[in-house]
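Here is a friendly walk through one protein model, written for someone meeting it for the first time. Take a look at the sequence and the structure, then read on.

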Amino acid sequence: MQKLPIVALIGQTNAGKSSLLNRLAHKNIAIVAREEGTTRDNVMARIDDRFLLIDTAGLKDPDDDFEAGIQDQIADAIDSADLILLTLDSSKYPDDKDKNIAKSALKSKKPVLLLLNKSDLGDSLPESEFLRLGIKPDETFRISATTGQGIKDLKSAIYHNLPQTSPNRADDNRLKIALIGRPNVGKSSLFNTLGQKQQALVSSRQGTTRDVNRVEVRFHNRTLEILDTAGLRKPGKREVGIEKFSALRTLAAIEEADVCALLVDATEPHSKLDQSLAGQIVDAGKGIIVVLTKADLVDDTDHILDELERDFNFLPYAPVLITSSETGQNVTKLFELATEIDETRHLELKTSELNKILSEAIVEHIPAGLKNTRPKLKYIVQTDTCPPWFVVHGRDLGLLHWSYKRFLERKIREKYPFVGTPIMFSFRNDQEPRSRDKKEQ
């Protein structure tokens, strides 16, 4: 997977940043971050598979009214982003806060676009009132997140200002593996051990504490890039600013990776955060390996494996790897599992084989419905890989219970295990003129 650029929406509250994010995402937001009790639900969206859009309004601590907290939030957005979108309410004169935000953005030397939102309103001010912010007129856009005014031109400008990538790299076959987990779970130790264990070390790039560290290794004549991410604490324990943007970079790393290694500490009980991280990985459609770390510090791992099986019962297909960075136990086995999972993620099944599985499933268990109507499953096709995606065609599929979808997944995995790989389903109703047929009868 290619790393997606980060575009940050910055500006004061009530400028319409969240509405703009929804508009740019066509109101079909690919949620990356969720946090109960805050506006994190709209904090990040994948836009057209071209970039990740961050709404910094969602990062403000609702209990923090200090200006310093807001400035930290904006400063870290500027530091993390590849492109900055300064969003203002066009019906309000820019004040000193707007000037300071604009100054910080321009000082970063990153591309900055000025968005004058709510331009559909009658009291919208002329552009000349915003020249004092120091942003050029040709980098200023009048938009309306509500009506869609100016959005097409804005998207064109965003694409024009995104950093150039080189799609034709010499090694397009590289496999990206992200190490994900809570702080002190052993990510950095495993990261260092994985690099040191490989004799043919290609390169090593060290980032800041708020960035993602990377190392490249060769394994079976293939380049593997390991991403060491910042640890994620429970939402209520995250600090405003740097740590919250570290969390965003971690979630962006999940989006970038092909396979994620979810690290779980063998010496600590599993938490809901571990389960939440696993859910984030699955929702993103990435391969997953559950890595039990610090195995050298426990006498018996059997009861821990039993707990893992119970707590991660929604991941029966995920392999579990018992490791110790101290002793080197199984650390390079991670490379073998990751490459195996990557092959599985690219697996394409024949339509004839899929429909044989579907027919056998229907014979074994006919889907339930209402009194006079039941879902009719006609045929199934695979439409995508990475992750594998299956579309079931039929009639009255809205009546299909979620448990039957799980049943279909189990039937497919019985023949094709898709180790460490989430598989996705869509259900499409085919239109049939049944009402006329009934009347004629």
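## Before we start

This is a predicted model, so local features need pLDDT of at least 70 and side-chain atom pairs count only at pLDDT 80 or more, while totals for chains, interfaces and linings use all residues. Residues are numbered from 1 along each chain as its sequence is written, and side-chain values use heavy atoms, with hydrogens and water left out.

## Helix α10

Let's begin with α10, a helix of 14 residues running over 351-364. Helices here are DSSP runs of H or I with at least four residues, strands are runs of E with at least two, and both are numbered from the N terminus. How far should α10 span at 1.5 Å a residue? The answer is 20 Å, and its end C-alpha atoms are 20 Å apart, so the two agree. (The expected span is 1.5 Å times one less than the number of residues in the helix.)

Several residues of α10 are tucked away: E353, L354, N355, I357, L358 and A361 are buried. Buried means under 20% relative accessible area, exposed means over 50%, and partly exposed is in between, using a 1.4 Å probe and protein chains only. Among the elements that cover these buried residues are β14 (376-384), β15 (389-395) and α11 (402-415).

## Salt bridges, far and near in sequence

How many salt bridges does a search of the whole structure find? It turns up 21, where a salt bridge is a side-chain nitrogen of Lys or Arg within 4 Å of a carboxyl oxygen of Asp or Glu. One of them joins K415 and E353, with the closest N and O atoms 2.4 Å apart. This pair links distant parts of the chain, since K415 belongs to helix α11 and E353 to helix α10, 62 residues apart. K415 is partly exposed at 45% relative accessible area, whereas E353 is buried at 18%.

Another salt bridge is formed by K411 and E364, whose closest N and O atoms are 2.7 Å apart. Here too the pair connects distant parts of the chain, with K411 in α11 and E364 in α10, 47 residues apart. Is K411 buried or exposed? K411 is buried, with a relative accessible area of 13%, while E364 counts as exposed at 52%.

An α-helix has 3.6 residues a turn, so residues three or four places apart point the same way. D96 is exposed at 55% relative accessibility, and K99 is partly exposed at 34%. Elsewhere, salt bridges link R174, K176, R214, E216, E225 and E256 in a network.

The structure holds two cavities of 30 Å³ or more. A cavity is a set of points, on a 1 Å grid over the protein atoms alone, where a 1.4 Å probe fits but cannot get out, and lining residues have an atom within 4 Å of a point. Grid points are joined across faces, edges and corners, and a volume is the space filled by probe spheres set on the points.

The second largest cavity has a volume of about 40 Å³. Which residues line the second largest cavity? They are L354, I357, L358, I380, L408, I412 and F425. Helices α10 and α11 are the elements that give two or more residues to this lining, and α10 provides the largest share, three residues. The lining is made of seven nonpolar residues, with no polar and no charged ones. (Ala, Val, Leu, Ile, Met, Phe, Trp, Tyr, Cys and Pro count as nonpolar, Asp, Glu, Lys and Arg as charged, and the others, Gly among them, as polar.)

## Around strand β15

H393 lies in strand β15 and is buried, with a relative accessible area of 9%. Leaving out residues up to four places away in sequence, H393 touches K376, L377, K378, Y379, V381, R428 and D430, where contact means heavy atoms within 4.5 Å.

The loop between β14 and β15 holds C386 and P387. The peptide bond from C386 to P387 is cis, with omega near 5°. C386 also has a positive phi, near 55°, although C386 is a residue other than glycine. Most residues other than glycine have a negative phi, and most peptide bonds are trans. At 25% relative accessible area, C386 is partly exposed.

## One more positive phi

K109 is not a glycine, but has a positive phi of about 70°. K109 is found in the loop between α3 and β5 (112-117), and counts as exposed at 73% relative accessibility.

Technical notes
1 Å grid on protein atoms, 1.4 Å probe; cavity = no way out; pocket = protein on both sides within 12 Å on 5 of 7 lines; lining within 4 Å.
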